[in-house]
Amino acid sequence: MEWLKDVVNFLSNPTIFFTGAVVLWVLIMKYYRIWTAPKFIKTVTILSVIALGAALFDPNFAKEALKPDNVPIWIMIYSVGFFFWLAMRRGLLNDDLMAEGLPNLEKQESDKRVYTWPDLVYSELICMVLFTAFLVGWSVILKAPLEDPANAGVTPAIAKAPWYFLGLQEILVYYDPWMAGVILPGLIVVGLIAMPYFDMNPKGNGYYTIKERFWALWVWGFGFVVLWIALIFLGTFMRGPGWNFFGPFEYWDSHKVVALANINLSEIVWVQLFNIGLPSNILVRESVGIILTVLYMSVIPPLLAKTFLKKLYEEMGLVRYSLMIVLVLIMASLPIKMYLRWSFNLKYIVSIPEYMFNL
Amino acid sequence: MAAGQPPNNKETVYNSRVLSKWFAIASILLLVVTIWAAIQDYARPWKVYQRQTQKIATAVNERKLLEADKAMNKQQLEKIEKDIVGIVRKQSEVTKEIDAKIAAIEAQRYGVTKRYQTEKGKLDEAHYKLEVAIKKRVDNIKDLMAQYKKDEKEVAKLARAEERVRLASEKAQADRKDILSKESELDSQMKALTRTRDQLNKAIGNTELNLVNIARNAPLLDFISPTVKINQVILNGLYDDYFFNKVPRVDRCMTCHVNANMAGYEDFPQPFATHSKLHLIAGPESPHPAEKVGCTVCHAGVPQSADFNNAAHTPRDPVQAAEWEAKYHFHYSHHIKTAMIPLQMTEGKCIQCHAKEVVLEDAPTFNAGMRLVERYGCYGCHKFAGHFEKLATEKKSGPSLTLVASKVDADWLKKWLWDPKSYRPSTLMPAFWQVHNNSDEASLERGRVEVDAISHLIMAKSKKYEPLQLASKVVGDAARGKTLVAQVGCIGCHAVEDVVVTRPTNPKEPGYKDPRVPMFGPELNQLGSKVSYEWLVSWLKEPKHYWEQTAMPSMKLTDQETADIAVYLLEKRNPEFEALPVPVANEAVRDDMVVEFLVGQMPTRDARVKLASMSLEEKQSFLGDKLISHYGCYACHAIEGYENAPNLGAELTVEGSKEVTKFAFDNVEIPHTSRDAWIYTKIRTPRIWDVGKKRDFQAKTRMPHFGFTSEQATALAAIVIGYENKNVSDEMTAKVDARKEQIIAGHRLINQKNCIGCHALENKEHPLGGEILAHYADKSEGPPLLYTEGRKVQADWLFKYLKNTNIMIRPWVKVRMPVYGLSDNQTTTIVKYFSAYDQSPSLFASRQGNALSDSEIRQAEGLVKELGCLTCHAVLAPGADPSGAAPHFANIKARLNGDWLIPWLENPNSIMPGTRMPALWPNEDPLDEKSARIGVPGYLNGDAKKQIELIRDYLFQYPGKAELPPPEPLPPKTVAVPATPAAAAGR
């Protein structure tokens with residue numbers, strides 16, 4: 001069993017974990033016809049529960065998995081899984097129906113009536129009562145612990161954000177706090193607000209579909225499931241004291257030491273490549289990074305507009321397209337930065353600590 | 001019907017019937033969880049404990065009620081009740097009359113008062129008008145004035161009438177009260193008689209399971225006015241530090257430990273039990289009442305929590321931990337940084353308020369811990385606050401090494417350093433080598449080099465010493481030496497295998513010695529393997545000759561006795577130690593080490609060059625210096641050249657408040673949330689932290705291994721934990737007044753000189769010391785008990801005696817009061833200590849006897865003869881057997897205090913248990929200490945009290961000159977040459 005634990009620990013390393021999540025996402029979006037089959041998904045769910053149950057025999061795993069604080073994470077994982085499956089399954093069925101020229105499932109239902117009273121209000125009331133009962137039961141079983149008074153002078157060994165912000169905290173590993181803490185979260189909010197205005201496509205309104213909205217689903221799902229949910233999972237169960245990485249079966253040793261010799265792009269270019277030391281002029285020093293960033297943000301959008309996204313560009317028009325592509329590129333910069341870190345120990349592409357500006 | 005109403009036949013998504021079913025299910029579920037929550041709340045452990053406590057209290061109080069009922073004077077009660085009935089009947093007639101009278105007066109008074117008030121109003125108006133007129137200078141004020149005068153008269157008349165009625169009413173009321181007072185007097189008599197019963201009844205009413213209490217404590221209703229409720233005390237003298245604000249602490253411990261401060265629950269299990277030291281702690285009469293000092297000030301833990309685990313209980317040992325796991329799901333909480341202190345270490349917390357004190361009554365662990373810190377010299381390396389901070393400037397705990405080369409040879413020193421316990425198993429010297437972190441082959445090799453270098457340097461620094469020689473040529477005899485060692489008092493401080501001492505286990509018995517505290521001096525069972533005859537003779541004769549600061553006193557030995565003891569002690573050898581090989585340094589390792597240290601000062605290449613130029617001795621000295629600094633030998637031993645070397649250990653002044661996260665637990669398997677477990681482990685096995693760690697020499701722990709027992713380590717850990725950030729207000733800390741200051745100074749000196757090795761001090765309920773007394777079956781053979789000493793002897797006599805003990809007081813006692821060579825200051829400290837402890841009214845009072853007339857003296861002489869005092873108290877003829885003798889009377893006038901003699905003559909045994917002095921005036925009732933004493937017939941009408949006083953007075957006039965200790969010679973005269981004219985003028 002120990003070798004299995006070691007394998008899982010190894011596979012949970014952020015590099016492999018994240019790459020795995022991306023690959024899995026690609027496979028999920030490609031082979032949804034297979035995995036959304038009720039039998040398949042039931043088997044996977046049961047197997048996952050059995051595996052989790054077996055893993056609980058390991059004290060290190062059990063310690064984190066059974067923490068009362070982490071109950072919402074398990075609820076989140078299974079509920080996100082369920083609703084994602086539901087959407088995909090219904091989308092698949094609808095696609096099939098529509099391919100045969102039949103009305104989709106939602107269309108079939110929409111002939112029926114839903115009265116405000118009793119149907120809507122009554123079912124809302126039932127939900128409220130049930131959920132209240134659930135919350136009361138939860139708080140009776142898992143009591144909130146009483147801790148020592150907070151000490152402003154002492155930082156706890158593990159300083160973690162609330163669970164729903166752990167994805168953001170993971171971004172902090174790769175980005176300057178300004179970026180990870182202010183700019184990127186701000187753009188997430190702005191992007192969510194702006195999305196209805198980019199999205200002119202009326203398809204998929206009021207019914208589930210995959211085929212008709214494949215790329216929208218792909219990009220959105222990647223941002224939500226891979227860059228948000230998966231990173232929360234990583235942050236909860238695999239980031240221990242000092243925000244160091246720990247496999248699920250590893251003991252959270254607060255004295256763990258990890259070599260962190262990250263370097264900036266300017267150092268890679270001027271010191272490692274040309275071996276001439278850093279130029280004293282900031283702009284010269286960071287010129288490569290600045291050029292690369294500018295290229296990334298200015299060359300890729302027109303390039304894509306001419307090639308892959310030609311159709312989309314034509315549909316959306318210049319302004320909408322530009323805004324959308326900027327948001328997508330910024331989202332994509334996160335995995336790109338992660339991989340640069342893992343492969344080259346790259347700290348910042350542009351690093352101007354003199355003005356607190358780091359990319 | 002509005003437009004757009006769907007046709008009725010249209011199918012709906014939801015079925016109302018199904019929804020109703022779901023609603024029913026959901027509602028039932030909500031009801032169930034609500035009941036569940038209420039049950040959970042009702043069954044909270046503290047509520048369960050309180051309900052159980054109420055049952056227990058009811059039962060206990062009911063039993064007390066039966067006893068109280070039995071003890072009550074029933075007849076008296078009945079009589080009072082009857083009287084009350086009689087009085088009440090009589091009263092009713094009288095009061096009726098008075099009441100009618102009062103009613104009439106009151107009616108009259110109402111009318112008069114009303115009229116008076118009306119007229120008064122008019123007068124005020126007239127007054128006002130008159131004043132306005134005067135102000136406006138109206139010419140004609142005559143009318144106004146007349147009106148005013150008239151009103152004034154009227155008001156005065158009415159005022160008099162009102163006063164008359166008021167006085168009449170008051171008198172009637174007073175009469176009524178007078179009549180009723182008889183009843184109330186009887187009433188209060190009855191109440192006094194039934195007070196206990198009534199109180200118990202009230203208490204039972206609060207706790208018994210009656211309908212009212214059930215309703216008050218019922219689930220969901222118990223928020224209104226429950227009797228089962230959180231008990232809390234707000235401690236205004238104790239703060240919680242919330243980092244920007246200090247807030248009074250709130251202790252809720254007594255929510256579960258309800259009876260902690262109440263007597264009568266001693267035999268119940270926790271949490272119902274009474275505090276185990278109620279007279280001292282928690283009790284309302286104790287110096288530390290729970291309402292004022294709370295619980296967490298000593299026990300720590302989370303004060304505001306009423307849950308077993310959240311309150312952070314800490315088990316005493318693994319057994320208790322297992323028991324708690326089963327009973328309370330006990331676990332160490334990683335959230336809580338101020339867990340409770342395990343019970344066996346709680347006494348360390350005394351330090352919080354008793355920061356300056358060294359000895360506390362009834363706190364054995366505190367006392368043992370303080371002595372252990374002092375004896376093992378922890379304060380040499382670690383900075384402490386309070387007593388030890390001062391001690392560190394006064395003395396080092398180990399012997400001086402400035403003359404050591406005359407005492408031991410280099411090989412002995414190396415073997416000793418290598419493993420001190422192999423020479424003397426009970427030594428206080430800790431092991432620096434062959435312990436947890438340096439027992440591998442490479443470290444051992446290195447260790448031998450270290451031992452070689454250190455011993456070389458110590459020997460090289462040692463100065464020449466000429467031992468004292470005996471004046472006469474005498475040949476020692478071991479057998480005589482053996483007797484002497486057992487007799488003169490060596491065993492007060494030293495263990496000797498030939499003298500087996502069985503100690504009592506009861507701390508209140510003289511001869512008890514806390515097993516945690518080692519003997520004061522080294523054991524004397526191996527000396528032959530260490531020192532020479534010449535050195536030992538000199539040492540025994542005058543220890544201060546070799547080492548000025550030694551605590552070893554001169555035992556007033558003759559040359560013959562000195563030689564006898566020396567021969568005896570040198571016969572004792574340790575053959576196993578002698579057979580051990582001397583650690584030999586490896587040349588290559590030595591060279592590597594020299595380079596290692598040189599590299600700290602110069603580039604590696606230069607270091608190599610330097611090494612090549614060094615002689616062997618230079619290398620040894622160089623390494624020796626580095627290593628003495630590394631290990632801190634100078635912390636305990638005086639070594640020339642290291643007088644100002646720094647403290648090596650961590651500062652411990654607030655160790656008890658140190659963040660648990662700042663302790664490195666490394667690989668040691670102890671709870672990682674436990675400060676006390678870490679400190680205990682550190683003390684017990686200081687080097688354990690390096691096990692399983694890869695650390696180079698400089699990074700390794702260097703605190704040596706003392707080989708403490710578990711009990712010793714516990715006591716020491718208690719003290720270390722006791723030093724913490726001050727969270728107690730100044731008003732709440734123990735006051736150190738002038739008297740206390742003197743007692744503390746005394747305790748400090750007593751510990752340093754080990755007076756308690758021989759004498760039992762302070763009081764017989766809590767004797768301090770007297771350890772040697774275990775050796776004596778007849779306690780009067782041993783050193784005298786010094787209870788009441790401060791009131792017993794005259795201060796100036798004690799001063800002279802302590803300065804020079806060469807005077808015989810108790811001829812039969814073979815153990816000797818040695819000469820300590822105390823300074824004037826030290827002597828004064830001890831005299832003041834006794835006087836302060838026993839609350840002697842004044843150091844300088846001469847409270848002796850009254851002058852007697854000739855006839856009184858004759859009577860006294862007769863009485864002395866009758867009582868046979870002189871059979872023992874006569875002056876001993878030269879050469880006579882002293883075994884039956886007692887202190888002779890001529891000395892009393894210079895030595896004792898008259899006030900003290902009275903209780904002594906009445907009952908000597910109560911002052912000095914086990915004394916040979918009989919009680920000459922026995923009690924009439926031998927069992928009752930307070931009953932009258934039987935006088936000797938024929939003297940002063942047989943009045944014992946007068947006889948005792950007479951004897952007292954007589955003793956102070958007893959013929960003969962009192963012997964006094966010979967005065968100290970003045971220091972030799974020196975001709976002072978003033979350094980500057982100013983200094984001369986300054987005199």
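Among contacts in chain A between residues at least 6 apart in sequence, what percentage join residues at least 24 apart? The answer is 65%, where a contact means two residues whose C-beta atoms, placed from the backbone, lie within 7 Å.

Before you click around, note that this is a predicted model, in which local features need pLDDT of at least 70, side-chain atom pairs count only at pLDDT 80 or more, and totals for chains, interfaces and linings use all residues. Residues are numbered from 1 along each chain as its sequence is written, while chains are lettered from A and ligands numbered from 1 in the order in which they are written.

**Stop 1: chain A**

Select chain A and colour it by secondary structure: you get 16 helices and two strands. (Helices are DSSP runs of H or I with at least four residues, strands are runs of E with at least two, and both are numbered from the N terminus.) Along the principal axes, its C-alpha atoms fill a box of roughly 75 × 60 × 40 Å. Of its 359 residues, 16% count as buried. Buried means 20 or more other C-beta atoms within 10 Å of a residue's own, exposed means 12 or fewer, and partly exposed is in between, with C-beta atoms placed from the backbone.

Now colour residues 2-110, 121-142 and 207-243 as domain 1 of chain A, and 265-358 as domain 2; these bounds come from an automatic or database domain assignment. Their C-alpha centres lie 32 Å apart. Six residues from each of these two domains take part in the contact. On the domain 1 side, look at α2 (14-30) and α11 (214-237), which each supply at least two residues. By class, that side has four nonpolar, two polar and no charged residues. (Ala, Val, Leu, Ile, Met, Phe, Trp, Tyr, Cys and Pro count as nonpolar, Asp, Glu, Lys and Arg as charged, and the others, Gly among them, as polar.)

**Stop 2**

Most residues other than glycine have a negative phi, and most peptide bonds are trans. Zoom in on Trp117(A) and Pro118(A): the bond between them is cis, with omega near 5°. Pro118(A) belongs to helix α8 (residues 116-141) of chain A.

Hop over to chain B for another cis bond, from Gln270(B) to Pro271(B), with omega about 5°. Here Pro271(B) is in the loop between β2 (246-251) and β3 (281-282).

Next, pick Leu220(B), a non-glycine residue with a positive phi near 70°. Is Leu220(B) buried or exposed? Leu220(B) is exposed, because 12 other C-beta atoms lie within 10 Å. Then try Lys556(B), with phi near 60°, in the loop between α17 (543-546) and α18 (559-570) of chain B. Lys556(B) has 13 other C-beta atoms within 10 Å, so it is partly exposed.

**Stop 3: the cores**

Select Val373(B), Ile454(B), Ala566(B), Leu716(B) and Ala717(B): they touch the most other members of the largest nonpolar core, which has 140 residues. (A nonpolar core is a set of buried Ala, Val, Leu, Ile, Met, Phe, Trp, Tyr and Cys residues joined through C-beta atoms within 7 Å.) Helix α24 (residues 710-722) of chain B gives the most to this core, with eight residues. Stay with Val373(B): leaving aside neighbours within four places in sequence, its contacts include Phe388(B), Leu716(B) and Ile719(B).

Finish in a second, separate core of 21 residues, with Ala21(A), Phe222(A), Ile232(A) and Ile349(A) among them.
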